[in-house]
Each structure stands twice: as structure tokens, then as C-alpha cells.
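Please read this note with the model open beside you.

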Amino acid sequence: MYLVFTTNHFPWLTIIVVLPIFWGSLIFFFPHKGNRVIRWYTICICILELLLTTYAFCYHFQLDDPLIQLVEDYKWINFFDFHWRLGIDGLSIGPILLTGFITTLATLAAWPVTRDSRLFHFLMLAMYSGQIGLFSSQDLLLFFLMWELELIPIYLLVSMWGGKKRLYSATKFILYTAGGSVFLLLGVLGIGLYGSTELRLNLEILANQSYPVALEIILYIGFFIAFAVKLPIIPLHTWLPDTHGEAHYSTCMLLAGILLKMGAYGLVRINMELFPHAHSIFSPWLMMVGAMQIIYAASTSLGQRNLKKRIAYSSVSHMGFILIGISSITDIGLNGALLQIISHGFIGAALFFLAGTTYDRIRLVYLDEMGGIAIPMPKIFTMFSSFAMASLALPGMSGFVAELIVFFGLITSPKYLLMTKLLITFGMAIGMILTPIYLLSMLRQIFYGYKIFNVSNSYFFDSGPRELFLSISIFLPVLGIGMYPDFVLSLSVEKVEVILSNSFYR
């Protein structure tokens, strides 16, 4: 293996992708007992990475240019022409910045983890590299490798630092996602080998290539299954509540904030860009699945006793809006879906963090055993209520704007008949009624009433400065996007227009 440089500028993206896992591997040279040193070291790496990313994007990325920028193309394995090919555009810049932000806060949330903390923090940093590598890869095989790099850290984080049923849920996670990866690999090989004996995996070239419709449909289904497991789309979602229910809350932040978004990103980046004909054939079905998912997951969430499982089902429900946005095939709808990716990344991560810190204090998992926590813990109560409101799409917060734009995308879509639009809108409306029901009943069960006061010598600490800082850091972007959504939309507008005009408006 050797690298041949074909780029003419500083390799920003390679440094951003490699830095966390490289510096993270040095953690193992630290003394075994130096928990504090390891924590600070990890957080410094995350902050450095976030600053580097922000600097590179601010000074070297043109927002009005829809083409791939900061391209790096190094020959990696000469034997079958495998390239280390990175580049970013309007689609990937949002998720990359979200990854940096949420991972930095998740390492701060992992402060109480003291058992095997070197391995724990290394796995967090390895995930960081994998996620940024996935969002910036411009080669299909590299995309697949980064997709796989994600699985082992999550498996270990759940199976070593999880709850009582952690081995069951970690095994379930790996079976589902590895099963999806098989379809992803088959799809990658199918595209790469089509029409030639040599592998052609450059995403930019593949996006301009046309395929027979039958082949396009087969490839579309293969990729769709892989992304449907990750997103997750019903009925492939059952690994998610189990994994969320058992994982440590800092792992949950990464799962809800970033991992689910990889599936949505793949749907847009590969299924929409590479197979437009198949996408327009399947989009009415996707639309129906999205509407069913919103209702099904919201009503299932209402029946969950376990706090983290309830929030996990609410995540599944919110992913339905992304599906509807992607399948509306309008630039309003697709922008709404991309905004929902960012918005839910913040809100989901915050809800899991607050659920975890609440559990650290009262050591109860089931909602019907809780009650009356609001009086001893007013700060946690305030933050929890605020994020629950953001999740149920209260106007002025990011969830509301994202769902509203998706709704407008559906209404203005020229592809669907009025009757279809009315039915899907009706489904979304039922979901929007069920969401406040399960979130407000969750708040009522945790914070109101007198139940916990009857426990003898019950004295609970309210959230400390670290937790307060973390909650406010996530709450500010949620408010900011809700007040001024152009802040995020301006990143993707040009790229979305190009995707649709190249493929769907021809």
C-alpha cells in the first residue's frame, strides 16, 4: 500500500478523519489509573478536531458552489485501483459539524465512566473518525469501510458498559447492522463492476452514469435495506430500543445523534443521487412507510415503561419525517429532511443525556416507579421539559421548523395526487397529536406527584455545572435553528437543487 498525492492543497480532510483515531490510540500509553488525565486528553482531542473542522470549512469551503470541494484523491491499493478519495459538499458539511459537536459533548457526558476508561475513550474517538470518514468519503468502497468501522466500537461500548441485558442487545445490534452491511457490500460491488471488469467506485463519476431500470431497482433495494436498518425504518427497527435501553447514555448520545443519521445520509447520497429512476418509482411507497412509521412508533412509545425505550421509539417516529421529506422529491422537502437530520441529532442526544443523568441520581428505569422529582431537581426538570417541548415541535425550536418544511415539501410536490397528499398529511397529523401525548405523560410520570418523597432518607443532587453546561450547549443550537433555520439550510440549498435538477427534473 502506498499513497500517491494528486491534490494541490493542504490535506484538510485526511487530517480531520485520521486525527481522532491516531491520537486516540496513544491513550493506551497512559497509566491505567489516570482517569482524569484520560478524560481531559480525550476532550482536548475532540475540541481540537472540532476547531480544525470549523476552520477548514469557514475558510476553504464555498457555500454557493454545489460541486465537491476540498477533494483529495490518493492511490491506496494499486492492485485493484482502490483510492483514498475524500471530498465534501453541501450534503455532508452539516452532518460532519453535527458529529464534531455531539461527540465532544458525549465525551464530556462520559465523565462518570471509570471502568476501563482508556478503552472506552479510544472507542469513542475511533467512532469519531469513522463517522467523519463516512460523511466525507467520495469512494464507494471507502464508504463501506467507514460504515463497518462504526460497528465494532458500538458493539463493545454496549456490551461492556451497558445495563443488565447488554450482551443480548449488543448481539442484536451487530446481527442487524452486519446483516444490512452484506446488502451494502453487494450493492457496492454490483455498481462497481457494472459494464466493465474493473472496479469503478468514484461517486462523482457514478452519479453521472445511467443504468438499465431493472438493474437500478435491484441495486436500489440492496442499498435501501442497508440504510433502512441503520435509519431505522419499520420493521427493521427492533434493535434500536434494546440498544438504547441498555447502552450508557454517552453511547446513546452518539447513537441517536449521529449513527441514525448515517442511514438518512446514505439514502440521499447513494439512493437518490445514483438511482433517480428507481427512487421515483419507490418514493410513493417510502412516503407511506414514513407516515406509518410516525404513527406506529409514536403509539408504541406510549406503551413503554422504560424511560430510555420511550425516547428511542420517539426517535424512530421522528425518522418518519426524514423519509417523507426524501420521498417528496422537491427541494423544499429534501431540505426539510436534511434540517430534521440536524435538528433531531441535537434533540435526541439531549433527551438521552438527561434520561441518563436522571438515572444516575434515582437509579430507577421504569416510569411508573418514578414521580415527584421536579422539587428536589429543578434544573434537570427545566432542561428535560425544554427538550421535550423541542421534540414535540414547539414553534420557535428546531423540531417545528424541520417538520413544517417537510410538510410544505409534501404539499408542493407535483408528483402526488391530492388524495395521496391528504392521506399522508392525515398520518403526519395523527403523529403530531400522539407525540405530545407520550412526551407530556413521560414528564408527568417522572417529575410530578409525590412517589419518590416516600422513599426514606431520599436526598438527590440537582445537576452540577458540567451537566448544566452540556444541556445549555445543546439547547442553544436548537433554539438558534428554530429562530433562524437559514443558518443550516444555506449549507445544503445549492446541492439539493443540483441533485434534483440533474436527476428528477430532466
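Is L468 buried, partly exposed or exposed? L468 is partly exposed, since its relative accessible area is 25%, where buried means under 20% relative accessible area, exposed over 50% and partly exposed in between, with a 1.4 Å probe and protein chains only.

1. A word on the basis of these remarks. This is a predicted model, in which local features need pLDDT of at least 70 and side-chain atom pairs count only at pLDDT 80 or more, while totals for chains, interfaces and linings use all residues. Residues are numbered from 1 along each chain as its sequence is written, and side-chain values use heavy atoms, with hydrogens and water left out.

2. Leaving aside its neighbours within four places in sequence, L468 is in contact (heavy atoms within 4.5 Å) with K379 and S463. The C-alpha atoms of L468 and M383 are separated by 8.5 Å, although the two residues are 85 apart along the chain.

3. The nonpolar cores. A nonpolar core is a set of buried Ala, Val, Leu, Ile, Met, Phe, Trp, Tyr and Cys residues joined through side-chain atoms within 4.5 Å. The largest one has 163 residues, and those with the most contacts inside it include I191, M253 and F275; its largest share, 17 residues, comes from helix α11, residues 249-274. Beyond its neighbours within four places in sequence, I191 is in contact with several residues, among them L140, F223 and F275. A second, separate core of 10 residues includes A291, I294, L410 and Y416.

4. Helices α12 and α13. Two packed helices are described by the angle between their axes and the distance between the axes. Helix α12 (residues 276-302) and helix α13 (residues 307-327) pack at an angle of about 160 degrees, with their axes 8 Å apart; axes are lines fitted to C-alpha atoms, for helices over the stretch in contact, and angles run from 0 to 180 degrees between N-to-C directions. That makes α12 roughly antiparallel to α13, because angles over 145 degrees count as roughly antiparallel, under 35 as roughly parallel, 65 to 115 as roughly perpendicular and the rest as oblique.

5. N306 lies in the loop between α12 and α13, and at 10% relative accessibility it counts as buried. Apart from neighbours within four places in sequence, N306 is in contact with V365 and Y366.

6. Helices α11 and α14. These pack at an angle of about 165 degrees with axes 7 Å apart, helix α14 being residues 331-362, so that α11 is roughly antiparallel to α14. Among the residues making the contact are Y249, G257 and M272 of α11 and L334, G348 and D360 of α14.

7. Backbone details worth checking. Most residues other than glycine have a negative phi, and most peptide bonds are trans. D116, although not a glycine, has a positive phi of about 50 degrees and is partly exposed at 32%. I329, also not a glycine, has a positive phi of about 50 degrees, lies in the loop between α13 and α14, and counts as buried at 7% relative accessibility.

Definitions and conventions:
Helices (H or I, at least four residues) and strands (E, at least two) are DSSP runs, numbered from the N terminus.
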